[in-house]
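Colleague: Hi! Could you open that model and talk me through a few of its parts?

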Amino acid sequence: MSKVIVTDHPLIQHKLTLMRDKNTGSKDFRELLTEISMLMGYEITRNVQLEEIEIETPVIKTKSKVIAGKKLGIVPILRAGLGMVDGLVSLTPAAKVGHVGLYRDPETLKPVEYYCKLPQDIEEREMIIVDPMLATGGSAVAAIDVLKSRGANSIKLVNLVAAPEGIAEVQKYHPDVDIYVAAIDEKLNDHGYIVPGLGDAGDRLYGTK
């Protein structure tokens with residue numbers, strides 16, 4: 001079964017509270033999401049492999065560590081996931097960025113893929129799927145399906161706020177994918193919104209309704 005890692009650093013929790021506040025406008029919401037994404041990146045990359053190389057400091061030759069092993073790929077689920085990209089890229093500037101677009105079919109309520117552009121060497125990278133909300137889990141499961149069908153074999157899912165129902169859905173279909181969240185909220189309401197949540201992340205990011 002996949003692990004669920006809650007990054008409950010005080011700075012993350014403080015910024016998340018500000019994001020939850022309905023009076024926080026789009027500009028501040030975007031900035032806070034970027035900041036939290038960067039802070040979560042420290043935990044997401046905690047187990048990145050290192051190797052030792054020899055360098056020369058201004059004082060002496062020495063051995064020191066650099067990142068080795070799998071390179072990273074960041075894949076936002078459009079559109080709200082875009083708000084998490086800048087924070088992670090600022091931390092890992094060598095990462096490549098792909099995009100997956102999904103919409104919910106109004107009749108079947110199932111996610112439908114409408115756009116997909118991924119790095120060509122996806123099978124050689126540790127892919128990080130980002131989306132602020134993990135509600136029903138449908139979009140996350142579909143996005144993971146898309147990446148696996150394109151050859152990805154190492155995937156992490158990163159969400160700001162998750163509902164227990166969404167976590168269970170991802171674990172049911174993709175038990176090999178670890179989930180990183182800033183908070184696990186109480187439940188979903190009758191409309192599929194996370195409670196207490198923070199509303200529609202896409203609308204709050206971009207000032208739409």
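Modeller: Let's take helix 4 to start: this is a predicted model, and in it helix 4 (residues 138–149) has 12 residues and reaches 16 Å from its first C-alpha to its last. That is close to the 16 Å expected at 1.5 Å a residue.

Colleague: Nice. Which residues of helix 4 are buried?

Modeller: They are Ala140, Val141, Ala142, Ala143, Ile144, Val146 and Leu147.

Colleague: And what comes just after helix 4?

Modeller: Glycine 151 is found there, with a positive phi of about 110°. The loop between helix 4 and strand 10 also holds arginine 150.

Colleague: What does arginine 150 count as in terms of accessibility?

Modeller: Its relative accessibility is 39%, so arginine 150 counts as partly exposed; the cut-offs are under 20% for buried and over 50% for exposed. The C-alpha of arginine 150 is also 7.6 Å from that of isoleucine 122, a residue 28 places away along the chain.

Colleague: OK, on to strand 10. How many of its residues are buried?

Modeller: Eight of the eight, residues 155–162, so strand 10 is largely enclosed by the rest of the structure.

Colleague: Which strands does it pair with, then?

Modeller: Strand 8 (residues 125–130) pairs with strand 10 in the parallel sense over four bridges, and within that pairing isoleucine 128 has lysine 156 as its bridge partner. Strand 9 (residues 133–134) is parallel to strand 10 as well, over two bridges, with methionine 133 partnered by valine 161. Between strand 9 and strand 10 the chain passes through helix 4, and that β-α-β crossover is right-handed. Then there is strand 11 (residues 178–184), which pairs with strand 10 in the parallel sense over six bridges.

Colleague: What is the handedness of the unit made by strand 10, helix 5 and strand 11?

Modeller: Right-handed: strand 10, helix 5 (residues 164–173) and strand 11 make a right-handed β-α-β unit.

Colleague: Is strand 11 mostly covered or mostly open?

Modeller: Mostly covered, with six of its seven residues buried. Strand 11 also pairs with strand 1 in the parallel sense, over three bridges.

Colleague: Which residue of strand 11 is the bridge partner of valine 4?

Modeller: Isoleucine 179. Valine 4 itself lies in strand 1 (residues 4–6).

Colleague: Why does valine 4 count as partly exposed?

Modeller: Because its relative accessible area is 30%, and partly exposed covers what lies between under 20% for buried and over 50% for exposed. So valine 4 has a bridge partner in strand 11 and is partly exposed too.

Colleague: Great, thanks for the tour!

How values were computed
Residues are numbered from 1 along each chain as its sequence is written. This is a predicted model: local features need pLDDT of at least 70, side-chain atom pairs count only at pLDDT 80 or more; totals for chains, interfaces and linings use all residues. Side-chain values use heavy atoms; hydrogens and water are left out. Buried means under 20% relative accessible area, exposed over 50%, partly exposed in between (1.4 Å probe, protein chains only). Two strands pair if DSSP finds at least two bridges between them. A crossover is right-handed if, with the strands pointing away from the viewer, the path from the first strand over the helix to the second runs clockwise. The expected span of a helix is 1.5 Å times one less than its number of residues.
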